[in-house]
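Please open the model in your viewer and keep the selection panel at hand. We will go from one selection to the next.

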Amino acid sequence: MVRTVNFVTDIMLPFVLNRKLIEGLAISEIPSFKADQVKWVLQYNTDKVEIGGNEWFTGNIDNLLNTQNISVIPLIGIPGGFLGFQAWYLILENFWRNLIKHNVGNVTSILKKGKVIVIHLEITDKQNSPFWTIKLWSDVEIDEKACKKINEILETGIIDAEGKLIPEGWGTKEMLVGACYLKGLPIMHANERGDQVLRCYMRDDKYLCYEFDVMKPMELLIVGYEAEENLQKNLRSRGIYIMHHVPQDFIVPTEYLIMPDIAHEEWTSWNDSLKPIKRFSRSLNISELKDNNKSLELLIQLESEFAQNLIDGKNTLCFILHPANLGDPEYQVWKGLKIDSNSKLQLFVIVFGIRGWNLQNLQKFVQEKIQQQNVCILFDRHGECKNAVIEIAKAHSDKLFWEPYGGSTQTSFTLSHVPNDDRKKLLLLWRIANAALLKVAILDERLQQILDPTDREEVEWKYGNGSEPGISAIECLRFMRVFIPRTDELNLENPEEDKIHQWICANRPHILSIHAGILDKIGKKTPDDVLKWTSSMVECMDSKVKRIIIHSGRGIPTNVPELKVPFVGYSAIEHYTVSRDLKSKYALVQELLSARGVKR
Amino acid sequence: MEHDKEIKHYKEQLPSIFRCLGIKGFVTVARWPFEEVKKDRVLVTIPVGELNCKEQDLVERARKHIKLEVLEKFSFTTLIRENGKPVWFRFKKASKNKIQVNKISTQKLLDISCSTSTVDDDFLLKLVETLEQIGLSQYGGKSITNEGLRQVMKDTFNSAVVGVLNEGIKHIYFVPVSSPLKREEILGILAINSIDEVKEDILVNVVAQVAMGMLFPFHMRELNQIRLSYALRSAVAAIMARNMSHNPGSHGLAYLIAEIEEKIRSGQALSVEEAKDLKNFLEYAKARMDFVAEVTTYWREMPWLEQLTL
């Protein structure tokens, strides 16, 4: 339900670098405007990160990010994951458009002086609460009248007493909708308390500033326990929630759930689709969680337990990170991480040419580890290890995960921009490892056609300098434990129920995401039909974790059973799978893990 | 909070109305809010009429037989509500048990006479058979003939009917209130537990109207809330559709199309950088469309989160 994301790389960077959008929104008023004439300053306490400007469109993004410590900007929680990013963009897009539209003179005057437009996004901690407060303003001076007008619009609401849309301030209203969504508020708040949801005021008497709240990451829900209010507040501000009882059909927004190990009706009648996959039963001393280190250790234990279950508890996980050279940011951040020698997770940061590492040694190392019944997870910059590991991965698909990645990509951002705290770093490492271990099957005719089109050769991804032969995208995804059937294996444009069943049984995924349209085509037209189908299908999935998710690009289709099957938007699935640079097992799994049953 | 306000309203209004009507005893109000507003049934028991000390004692004793934990398992008012049949009930004390279906004004009246002893299985079977005949055949998704239901029905009858009548209440009337918007919907029931007999014309012409007048404003308020929330969702969809057309559409796409047009005219291909920019923009637009589709079908909300921080 709520996905934790990196505000800089997941939210801001794609927006700031969306040249056509930024320019398109300005060009009617300022025809010569270029996207590199705007700079975005993100701030938390006194720490700042700046993105935008000419070098961001021409230079190496990795380098530009590395010159700044972007980990100072806190992680945020986004309801609805990837699609929820759009709620942010509703705010940013309209802010930008209105800034240009209503202040042509002031903007032009700044540009004429050879300066850039600076937009500030300041994050402050809303103390003892699950929210960050965001302040958004620009260095363009604005008449106070604009602020008054905006506040009038926010106070008046979106619809009148008869339910009719009040046709003015469309951009402001859309910003309000975005702010409401990001805080997880009922939509009625946008109408009844607009000026509280999106606050507008003059900053330093000359800048128009918007203020709204967004979620902090939502980590853990503990049910069946009680705690005193101050402790609860403290924990909530760190993403830990305690509930003695849960309301009926409660949708758990957190990544982890700890619940009592008793067969009480309150827990047994609670549909699994409303809970996270990472759920546990254990005794806890709640007061210990007040200590941030203890709560982090608990989450690490939960991740470790989850991994043990996935790998049968008897093996060790070898996490091998292969940066291309010592200057790569992921090398810098992971090389010194100390992991307890008793831990089931070992980390090896390997650069060829350093300490005797080369392709042959790596191959030998991986082979030995696998012979010792370990599971290896290899993240490989530029896919340099491909020739060393492909044959092993084919022979031992359950023991070797391989994800090649390039610079300035989703995966390189995940591996490079990590928390400074060692415990948080270790938790992230476990999360990435578990995302790697989970077998994800995706049944979607569009993805199949993108990767293995019927009218041309299947897509290949090239790594390195391009002289090496490429690798089939579908095969590469399989090494990442993402299974998308080839057209000749299972044609999804003309799906057949039996063949789908056989394919799922053969691949035994932990998570299956299926396009609602395929269910439609095989005759599962009602929620009941779909429920029967999912119940029969889970039988042939991997016994360790079983989750069927429905995805669609048309909102929630009518055949999706309410509050019984998790749902995710199509764009998210596509975004993290079909592109060489955007594909990311970690991001894909985080998206799928945040999917829950929905109510229309 | 909303429940509290509603209950306060009933407590303020009903005693004086019934004093004017000369009806003494106690009244139970049950109202079912719309499912969309996600509230539990409103349920309150209020002493009514000009009661002397003896009558006050009687009412207090009788009210104690209305046990929530018993009614949660089975209640005749919920039975009426679930089946959407505006059937009136009258329970009265008699020398022997008897069940008859009569008429009150234009509505069906289930007339149940019961002796002072607790009900036996034969009586219960007869009652179930009659309930089924008059269309009150389902309870909690199960058939009223379900054996599991019989025991809980018996408990309710013995407590909320026999127990109350034994304390000196003469009649118990259930006055169902239908929604004027949707006749099959029972929005609430007024149960009148009277010490003296109440004339039928007072019940039909006054009490039924009072019940409607009391319960209907709350029903309408909720209906308005639901209506506005749907209107708001439509308005939000309209705003997002309009802005999608305006911002990424007429400002973003329009210039992009013009640029591509120029490329075509001059016979130039897009450079890799230009193609990347185009891809970024199209991905953005696609995700926006997906988001708009989702928001129009499902609004992800966590109202409890803000509640926790108030």
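How many residues of domain 1 of chain A are in contact with domain 4 of chain A? Five residues on the domain 1 side meet seven residues of domain 4. Bear in mind as you look that this is a predicted model.

**Stop 1: between domains 1 and 4**

Select helix 5 of chain A, which supplies three residues, the largest share of the domain 1 side of this contact. Strand 1 (2-5) of chain A also gives at least two residues to that side. Colour the domain 1 side by class and you will find three nonpolar residues, one polar and one charged. The centres of the two domains, taken over C-alpha atoms, are separated by 34 Å.

**Stop 2: chain A as a whole**

Now zoom out and colour chain A by domain: domain 1 covers 2-215, domain 2 covers 220-290, domain 3 covers 309-437 and domain 4 covers 440-597. Switch to a cartoon, and the secondary structure comes to 25 helices and 24 strands. Along the principal axes, the C-alpha atoms fill a box of roughly 70 × 60 × 55 Å. The radius of gyration of chain A is 25 Å, which agrees with the value near 25 Å for a compact globule because the chain has 600 residues. Buried residues account for 48% of chain A. Of its contacts with a separation of 6 or more, 70% join residues 24 or more positions apart.

**Stop 3: the nonpolar cores**

Next, select Met12(A), Ile377(A), Leu378(A), Ala433(A) and Val440(A). Within the largest nonpolar core, which has 201 residues, these five touch the most other members. Helix 5 of chain A returns here, giving 13 residues, the largest share of this core. Centre the view on Ile377(A): leaving aside residues up to four places away in sequence, Ile377(A) touches Leu317(A), Cys318(A), Phe319(A), Ile320(A), Phe401(A), Ala433(A) and Ala436(A). Then move to chain B, where Phe74(B), Leu110(B), Leu127(B) and Val198(B) are among the 61 residues of a second, separate core.

**Stop 4: where chain A meets chain B**

Finally, show both chains together. Here 46 residues of chain A are in contact with 43 residues of chain B. On the chain A side, pick out helix 2 (19-27), helix 5 (81-102), helix 8 (170-182), helix 9 (188-192) and helix 24 (570-575), the elements that each give two or more residues. Which helix of chain A gives the most to this side? Helix 2 of chain A does, with six residues. Colour the chain A side by class to see 21 nonpolar, 14 polar and 11 charged residues.

How values were computed:
Residues are numbered from 1 along each chain as its sequence is written. Chains are lettered from A and ligands numbered from 1 in the order in which they are written. This is a predicted model: local features need pLDDT of at least 70, side-chain atom pairs count only at pLDDT 80 or more; totals for chains, interfaces and linings use all residues. Two residues are in contact if their C-beta atoms, placed from the backbone, lie within 7 Å. Helices (H or I, at least four residues) and strands (E, at least two) are DSSP runs, numbered from the N terminus. Ala, Val, Leu, Ile, Met, Phe, Trp, Tyr, Cys and Pro count as nonpolar, Asp, Glu, Lys and Arg as charged, and the others, Gly among them, as polar. A nonpolar core is a set of buried Ala, Val, Leu, Ile, Met, Phe, Trp, Tyr and Cys residues joined through C-beta atoms within 7 Å. A residue is buried if 20 or more other C-beta atoms lie within 10 Å of its own, exposed if 12 or fewer, and partly exposed in between; C-beta atoms are placed from the backbone. The radius of gyration is taken over C-alpha atoms; the globule rule is 2.2 Å times the number of residues to the power 0.38. Domain bounds come from an automatic or database domain assignment.
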